[in-house]
Every structure is written in structure tokens, then in C-alpha cells.
Amino acid sequence: MSSDLVGDAQNWLRGVIGEEALGEGEAAWAAFDRHTLPVITFFGAYDTGKSAIVRRLLVDAGMGVPDWVTISARHETFEAGQVSMDRYVLQDSPGVSDRGEDMRAVNNTRAAMRAVGLSDIVCVVVAPQLPTGERDQLLQLLDQDWPTGALRLIISKFDEAGASPLYDLEGYYELVKRKVAELRQSLSLGPDVPVHVVIPDFEQVAGQTPSPPASVWDESRPFDGMAELAAALGDVPNDRIREFRRAAATRFWVGQVGAVLEDASSELSDLELALREAQLQDQRLDLSLKELRSQDEAARVSIRGAAEEAIRSIMRRQSVDAEAIKSAVDQVLEQWWLTHCAGLDRLLREAGSALDEQRERPGWRVLADLYEPQTEEAKKPRTFTPKVEKVAEKAKSAADTMKKLKENASKGARKPAADSLNGAAGAPPPIPKIEIAAAALPVILELMGHLEDAWHEKQAKEARAERRAWLNEEVTRIAHDAADQAISGWQTQVERTRVALEGLTGLTSDDLAALTAAVDKARDQVVRGEQIVAR
């Protein structure tokens, strides 16, 4: 079961962060697995005395204290440090913090959790006040599968608990008993999990001195619990190391999944938010294109009817000529052109205004920034616990889409959208020149002749009716020919409007499909990662 889980975790990591990053993890595990002595890690919040315990164990063992062992009430340990002793390897880790703190604290917590995976035995160090802000991390740690003896709790700096062992030793031990019981209840510790109570630096007599003499603690040795802790840590049978190591493998690889999963879930949320914004823009574009089609259809119908009515109104006069027809149709065309081009202008401006409003939404900024190019700093080699900036980085088509969106979103104050249709600022596009009179003159003259005949042939009612019907057909034909010439220029404006609408964001249907695929891929990765962590 354990080996299957390790394999599943490695396969998941390979698919999410890639072979190279996985190789970094494999190298870290291999370096740990080469240890023939058990690796013991001190884990806990900062200022709980982890480094003070390490210093005390080293000094009492007659060993030098490495520079990385720093004693302070601040974040001073930023990565795990190791030192080999006679029977085990000591490993200190950065202090964990709750998730509400700054990025440095978050990174320290991740480094500490990673160190737990590269440990045979973990000593969880807490202050006399017991876990507070780090309690969630401790519960997450305790919830893992621990062989008997692989997990220990240490209540450190107990001289700050409120009872003085120098003046009231009985009261001190009574307080120890109560605090141990309280800790077990608070964290639901089983009876097989040892709890040590220690004072690594009684009354801070050594303070921040890197390597004080061991004699500085002689006064506190009878009650500070450090000798008992050192003996317990060194009492690990050799035949149990492989058992601890197998459990560590599961913790390490599942822990790496958990670390990456945290970022992957965050990236999924960003991708989903970006997709919703993209879908909203696509819906708006669809509505705008439907409105464009409606305006186009209305314009086509209206120009035919208006041109035909203009010609018929002239034909009803007693005196009619081609110039009069041309003038009437030109007036109709001009009014039609200005009215419907204004409609296109309004449609494009409204779409641009809606997009400007959408650009102010947090989701749009995520959409635009999601795939921004990596900085030189981000390109540097990373540790195996990366912040997975782009969980769906293999979706290259989606990345290209986001790059275009970023370029559009990063533009400053945009030129009014309708200017792409207009000539000079605010001026309507020129009315197309349509030679209605020249194109229709032969027919018009013929029609005028027939009309004249129709007025004089009062007796030929049947012939007059036939000529009138023919006249109506020809007027309709001439009007439609004129309208078709106008529509030819109009179609150019409609097409330019459509292109301008689709180009407002740079988002195409293919881009939306790629982003949708990226979200689906990221969601599947997160679900599978959660299943691994839950096992």
C-alpha cells in the first residue's frame, strides 16, 4: 500500500511539475536515504526553543555547534540544517507559522514540512502555552501515519511556565503533569506518543552564546529533562530504521503532493476566475454580434423601401427627370447612411465601454496576468517545493491567448472604440458615391415614355394596367439596384464593425476553448492530488 501510494504521488508530481522538478525531489530523497543513522528533526513554531535544544544536545555531547544553529526569538532558521552525532543525525527546521503571515513565514513553514518528510523521527516542539497559531500545521502533521516511536512531543522552555523548580520543585512537577495531560487532550495524542518536558537553557544563562561550556547548565540538570531526552533519542534499535524509512518515504512524497497541491488549487481558482471572465466577454461579444446582424438586416430592408418610395414619389409628379430622381435618392441615401452608421458607432462604443468596466474587475486582471512572462528571477533553478506559478503551463495555446489578453489589457487609455470606423475624430465615414441616375437613366427614360403613353391612352385600360404593373416592377428593380450599390459600401462598414468587436479583447473561440481545456486539466490534477493526500 505504501509503495503504491509513493508511486502514485511521484506520477502525479511528474504530470504537474515535470520530470526535472521531480528529479530534484528524487535527489533529495536519495541523499536522505543514504543516512545509515536515524535522522531526527525538531519541528515547531519559531521561538519554541528548537535551536536551543539542538545546541544543548550538541554541547552536552562535547560537540561543536554549527553556525546555522541560531538562538533568537525571531525567525532565524530559514532552512533545515543537519549535524551527525554518535547514534543519530540531528536536524533543525525553520519555525512554522499560520497561513496569515508574510511570504517568508509561509516559505519557512513549507521548508519545515519538507524536512518532516526527510526524517525518521520527528520531535514536535511546543511552548509551555501549548500550540496556538501553528495548531493546524501540528494537527496535519499528527494525522499522518507514524510508526511507534517515530513521533515525539516536547514541551520546551518550561522554566517560563510559571512554577520555579528551584523554589517549588513539587509545584513544578505538578505543573508538568497538568501541562502534559492538557497537551495530550488538545492534540488527541495516543498513549504511544511520548511527551518530554525540558528546559534547554534555564533562565537563559547561556543566552545567544553560540557554544557555551556545558557547565553553564549544571544547576538545572537535575530537573531540566535534557538528559532523559538525549537518552530517548539515542535509543533507536537498528532494526527499526528501515521501518521508519519506509514511513518517511510515504510522508515525503505525499507531502510533496500536498505542497504542490496547495499552489495547484490556488492556480485552479485563478484559472476558473479567468475562464468566467472570458466566458462573460464571449457572451457579451455574442450579444453584440447578434445586435450587429439585426442592425445589418434592418438597414438592408430600410434602404430598399426608402429608395423605392423616393423614386415613386418623383414618378407621381407631372414633370419628372433623371436629375430629380437622383436628387431624391441621394437625400434618402444620405439620411439612411448617417442613421445606420451612427447605430454601428453606438454598438461599438457600448461594447468598448462594457469592456472598460470589465477591465476593472479582479477577474479580468487575473485573466490578463495569468500567463505573464517569467522574470529572470523566476527562471533561476528552484528547489523541489516550488510555487507552481502555472499549473497548466503545458496548455500552450491557452498561454498564447493570455499573452494577447495581457497585451490588450496593459494598454493605457484606449482610443474610443468607434474611431476604428470613423475617419477624422468623431466624423462619420464618407457616404459611398452611387451613380443611381446614370445607371438607371435608360430605364427611367423608357419608363417616362411609357408613363406618358399611359396618360394619353385613356381608352386602353387593359394596356394601361399592364404598363402600370410593368412600371411598378421596373421602379422596384431600379430602387433595388440603387440599394444594392449602397449596401455594398454598407457591408464594408458592417464587416469592419464585426472585426473591431472581435478585436476588443483579442479573445477568439479557439482561445476560449484552450482556456477551458486548461481549466479542465488543472481541475483533474487537483482532484487526483486531493485523492492522493486523502489516502
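Nine aromatic pairs turn up in a search of the whole structure. Rings of Phe, Tyr and Trp (its six-membered ring) pair if their centres lie within 6.5 Å; planes under 30 degrees apart count as stacked, over 60 as edge-to-face and the rest as tilted. One of the pairs joins Tyr172 and Phe223, edge-to-face, with 6.3 Å centre to centre and 70 degrees between the planes. Tyr172 lies in helix H5 and Phe223 in the loop between S6 and helix H6 (226-234), so this pair ties together parts that are 51 residues apart in sequence. Helices (H or I, at least four residues) and strands (E, at least two) are DSSP runs, numbered from the N terminus. Ring pairs also link Phe158, Tyr172, Tyr173, Phe202 and Phe223 into a cluster.

A word on what you are looking at: this is a predicted model, in which local features need pLDDT of at least 70 and side-chain atom pairs count only at pLDDT 80 or more, while totals for chains, interfaces and linings use all residues. Residues are numbered from 1 along each chain as its sequence is written, and side-chain values use heavy atoms, with hydrogens and water left out.

Now to the sheet. Six strands form an open sheet in the order S2-S3-S1-S4-S5-S6, with mixed pairing. Strand S2 (81-84) and strand S6 (195-197) stand at the edges with a single partner strand each, so one side of each has no neighbour in the sheet. Two strands pair if DSSP finds at least two bridges between them. S2 and strand S3 (residues 89-92) pair in the antiparallel sense over four bridges, and Val83 stands opposite Leu90 in S3.

Helices pack here too. Helix H3 (residues 103-117) touches strand S1 (39-44), S3 and strand S4 (121-126), and its direction makes about 150 degrees with that of S1. Helix H5 (residues 169-187) lies across S4, strand S5 (151-155) and S6, running at about 145 degrees to S6. Contact means heavy atoms within 4.5 Å; axes are lines fitted to C-alpha atoms, for helices over the stretch in contact, and angles run from 0 to 180 degrees between N-to-C directions.

How exposed are some of the loop and helix residues?

| Residue | Relative accessible area | Class |
|---|---|---|
| Tyr172 | 1% | buried |
| Phe223 | 8% | buried |
| Ser156 | 0% | buried |
| Asp47 | 36% | partly exposed |
| Glu203 | 51% | exposed |

Ser156 sits in the loop between S5 and H5, and its contacts include Thr48, Val125, Pro128 and Val198. Asp47, in the loop between S1 and helix H2 (50-60), has a positive phi of about 65 degrees although it is not a glycine. Glu203, in the loop between S6 and H6, has a positive phi of about 50 degrees, and it is not a glycine either.

Finally, the nonpolar cores. Such a core is a set of buried Ala, Val, Leu, Ile, Met, Phe, Trp, Tyr and Cys residues joined through side-chain atoms within 4.5 Å. The largest has 62 residues, and Trp12, Trp29 and Trp253 are among those with the most contacts inside it. Helix H7 (241-315) is one of the helices that each supply at least two residues of this core, and the largest share, 19 residues, comes from H7. Apart from this core lies another, of 57 residues, including Phe43 and Leu90.

Technical notes. Buried < 20%, exposed > 50% of the residue type's maximum accessible area, 1.4 Å probe, protein only. Lists of a residue's contacts leave out its neighbours within four places in sequence.
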